[in-house]
Amino acid sequence: MIKRINSAVRRIPAWPLYPLGMLPGVIFLYWGLTNQLGADPVRALQHLTGEWALRLLIVVLAITPLLKTTRINLLKFRRALGLLVFYYAVLHLLNYIVLDFQFFWPEILQDLTKRPYVIIGMLSFLLMVPLAITSNNASVRRLGAAAWRKLHRLVYVAALGGGLHFLLVVKAWPPEPIIHLAIICALLSYRYVEHLRTRTRMRRSRA
């Protein structure tokens, strides 16, 4: 069964993920422009773009654990999904700067010094910038595979920051952000445990 799934996955190209993944963002913008997002379209658009960025990031984090636990290999889609995470994060940030604050930089800078969720969200976005820039084969060759992998571990910090940002931005703490953060923590914990197991096996093999 797993062989059939992996065989089918190998026949599916990764490039359609880009237009398909970007389409909801375009639809959200259309809804906002045509007054289909309720009484506060700016807030609704901000929530939608941020939520999609975080959910796609969870999918990216889940690809390796899925491979190790079930042998289903979706690694070929990870780069496209990661760039879509950045796409929605950019839309989320532009919504904040352009629509919410209308380029009023003094107030934006004040927000960046006073609101923890804004600070955490901005730091998480900045961590994703080098990841998006280096998500290509040329960067892997230029940096070297080991250095490239080390750089892209920043995604773990960005994911945790994104989960905290979502949790802090809502005032009543409904289940949704708690569930998102719990999933992120579970996926990161799995990776950490696997890392410790790998180090233990390597030490035993050298002994």
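The questions and answers below go through salt bridges, loop residues and a surface patch in a predicted model.

Local features need pLDDT of at least 70 and side-chain atom pairs count only at pLDDT 80 or more, while totals for chains, interfaces and linings use all residues. Residues are numbered from 1 along each chain as its sequence is written, and side-chain values use heavy atoms, with hydrogens and water left out.

Reader: How many salt bridges does the count come to?
Author: Side chains of opposite charge can pair when their charged atoms come close. The rule for a salt bridge is a side-chain nitrogen of Lys or Arg within 4 Å of a carboxyl oxygen of Asp or Glu. By this rule the count is four.

Reader: Which residue meets glutamate 51 in a salt bridge?
Author: Glutamate 51 is buried, at 9% relative accessibility (buried means under 20% relative accessible area, exposed over 50%, partly exposed in between, with a 1.4 Å probe and protein chains only). The N to O distance is 3.5 Å, and the partner is arginine 55.

Reader: How many residues apart are arginine 55 and glutamate 176?
Author: The side chains of arginine 55 and glutamate 176 meet in a salt bridge, 3.1 Å from N to O. This pair links distant parts of the chain, with arginine 55 in helix 3 and glutamate 176 in helix 10 (residues 175–206), and the separation is 121 residues.

Reader: Which residues are linked in a network of salt bridges?
Author: Arginine 55 is partly exposed, with a relative accessible area of 40%. Glutamate 176 is also partly exposed, at 29% relative accessibility. The network links Glu51, Arg55 and Glu176.

Reader: Is glutamate 194 buried or exposed?
Author: Glutamate 194 forms a salt bridge with arginine 197, at 3.0 Å from N to O. The two are three residues apart in helix 10, so they are separated by about one helical turn. Arginine 197 is partly exposed, with a relative accessible area of 48%. Glutamate 194 has 13% relative accessibility, so the class is buried.

Reader: Which residues is histidine 152 in contact with, leaving aside its neighbours within four places in sequence?
Author: Histidine 152 lies in the loop between helix 8 (145–151) and helix 9 (154–169). Its relative accessible area is 15%, so histidine 152 is buried. Contact means heavy atoms within 4.5 Å. With those neighbours left aside, the contacts are Leu131, Thr134 and Ser135.

Reader: What is the relative accessible area of asparagine 35?
Author: Asparagine 35 lies in the loop between helix 2 (17–33) and helix 3. Its phi is near 60°, a positive value in a residue other than glycine. Asparagine 35 is exposed, and the relative accessible area is 65%.

Reader: What is phi of phenylalanine 103 near?
Author: Phenylalanine 103 lies in the loop between helix 4 (78–100) and helix 5 (105–114). At 47% relative accessibility, phenylalanine 103 is partly exposed. Its phi is positive in a residue other than glycine, and is near 60°.

Reader: Which residues make the nonpolar surface patch of about 460 Å²?
Author: Patches take residues with over 30% relative accessible area and no salt bridge, joining like charges within 9 Å and nonpolar side chains (Val, Leu, Ile, Met, Phe, Trp, Tyr) within 5 Å. Accessible areas come from the Shrake-Rupley method with a 1.4 Å probe, and for residues only the protein chains shown count as cover. Isoleucine 27 lies in helix 2 and is partly exposed, with a relative accessible area of 33%. The patch is made by Leu23, Val26, Ile27, Tyr30 and Trp31.

Technical notes: Helices (H or I, at least four residues) and strands (E, at least two) are DSSP runs, numbered from the N terminus.
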